[in-house]
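Happy to walk through this one with you. Have the model open beside you, and let's take it a piece at a time.

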Amino acid sequence: MGVQVVVGTPGRVMDHMRRGTLDLSSVRTVVLDEADEMLNMGFIEDIEFILDQVPEERQLALFSATVPRRVETLAQRCMRDPALVSIAHEAHAAPSVRQMYVATQQRDKIDALTRLLDLESPSSAIVFCRTKREVDELSGTLMARGYAAVAIHGDVNQGQRERLLNQFREGQAELLIATEVAARGLDIPDVTHVFNFDIPDDADVYVHRIGRTGRMGRTGDAITFVTPREVRQLRYIEREIGQRLEPIMLPTDRKSTRLNSSH
């Protein structure tokens, strides 16, 4: 008697298929969640490999926050007479989160981040980066400077991911450095700060990121680093969420303990 539902990443599913521990010949329904992010991470070949192993007579559903051309192409190639169902929504940030931004040059980002970490002394903070390489480089730099940090991204296997997240949950690490995709689905209620080391490309992604703090009636701080060339992207996000982010300046007084508004 086999199982009724199998949930897994493309790589893990393929691994079981190759080892003969997963037989998809009787599958009737295939669901691809986060289709846009899966394709952004380069999983298209893996997804096509898996779909080639399931019966032609099956139900395929793609769930995606956005529908870029690659998702449309995948749907046209792998689905028969697909129907698009859209759910209207607006991007709203939690009112319990104080939203701020720091104007900085790209080369000064790390120093700005460490200054903020020293000033705020967060007990539990998530730092979002755009790429896996940036996650590795930033976490390495922060650990070299004495910060207790762990890093997760798409190349971290499930066992390592759980071990690192437990370190973060239990307070053994004060910083979690992560890509957006790797941090999806996290349930860590005590996060006090979210730092957008790289400003997100999409307002929904921004709202999703900062929603990691200010949970369960608590307040939280969300701080986004913005370079001169990213100011237009900041204004786009502000228009989409219907709210202005508060500009802050890093105090130069070493005795300062909290953030100051630039106004």
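What follows is a set of questions and answers on this predicted model.

Q: How many helices and strands does the protein chain have?
A: The elements are numbered from the N terminus. Going along the protein chain in that way gives nine helices and ten strands.

Q: What share of the 263 residues of the protein chain counts as buried?
A: A residue is buried here if its relative accessible area is under 20%. Across the 263 residues of the protein chain, the share that passes is 42%.

Q: Is Gln-4 buried or exposed?
A: You will find Gln-4 in the segment before α1 (10-19). Its relative accessibility is 80%, and the cut-off for this class is over 50%. Gln-4 therefore counts as exposed.

Q: How are α5 and α6 oriented to each other?
A: Helix α5 covers residues 109-120 and helix α6 residues 132-144, and their axes come within 12 Å. The axes cross at roughly 50°. Angles from 65 to 115 degrees would count as roughly perpendicular and those under 35 as roughly parallel. The two helices, α5 and α6, are therefore oblique.

Q: How many nonpolar, polar and charged residues are in the contact of α5 with α6?
A: On the α5 side, the contact is made by Ile-110, Leu-113, Thr-114 and Leu-117. Helix α6 brings Leu-138, Thr-141 and Leu-142. Sorted by class, that makes five nonpolar, two polar and no charged residues.

Q: How are α8 and α9 oriented to each other?
A: The axes of α8 and helix α9 (residues 231-241) come within 9 Å. They cross at roughly 80°, and the range for the class in question is 65 to 115 degrees. So α8 and α9 are roughly perpendicular.

Q: How many charged residues are in the contact of α8 with α9?
A: Helix α8 contributes Ala-203, Tyr-206 and Val-207, while α9 contributes Tyr-236, Ile-237, Glu-240 and Ile-241. Six of the residues in this contact are nonpolar and none is polar. The number of charged residues is one.

Q: Which kind of aromatic pair do Phe-197 and Phe-225 form?
A: A search of the whole structure finds one aromatic pair. The ring centres of Phe-197 and Phe-225 are 5.9 Å apart, with the planes at 65°. Planes over 60 degrees apart fall in one class, so the pair of Phe-197 and Phe-225 is edge-to-face.

Q: How many residues apart in sequence are the parts that the pair of Phe-197 and Phe-225 ties together?
A: Phe-197 lies in the loop between β7 (193-196) and α8 (203-210), and Phe-225 in strand β8 (residues 220-226). Both Phe residues are buried. The pair therefore ties together parts whose separation in sequence is 28 residues.

Methods. Residues are numbered from 1 along each chain as its sequence is written. This is a predicted model: local features need pLDDT of at least 70, side-chain atom pairs count only at pLDDT 80 or more; totals for chains, interfaces and linings use all residues. Side-chain values use heavy atoms; hydrogens and water are left out. Axes are lines fitted to C-alpha atoms, for helices over the stretch in contact, and angles run from 0 to 180 degrees between N-to-C directions. Helices (H or I, at least four residues) and strands (E, at least two) are DSSP runs, numbered from the N terminus. Angles under 35 degrees count as roughly parallel, over 145 as roughly antiparallel, 65 to 115 as roughly perpendicular and the rest as oblique. Contact means heavy atoms within 4.5 Å. Ala, Val, Leu, Ile, Met, Phe, Trp, Tyr, Cys and Pro count as nonpolar, Asp, Glu, Lys and Arg as charged, and the others, Gly among them, as polar. Rings of Phe, Tyr and Trp (its six-membered ring) pair if their centres lie within 6.5 Å; planes under 30 degrees apart count as stacked, over 60 as edge-to-face and the rest as tilted. Buried means under 20% relative accessible area, exposed over 50%, partly exposed in between (1.4 Å probe, protein chains only).
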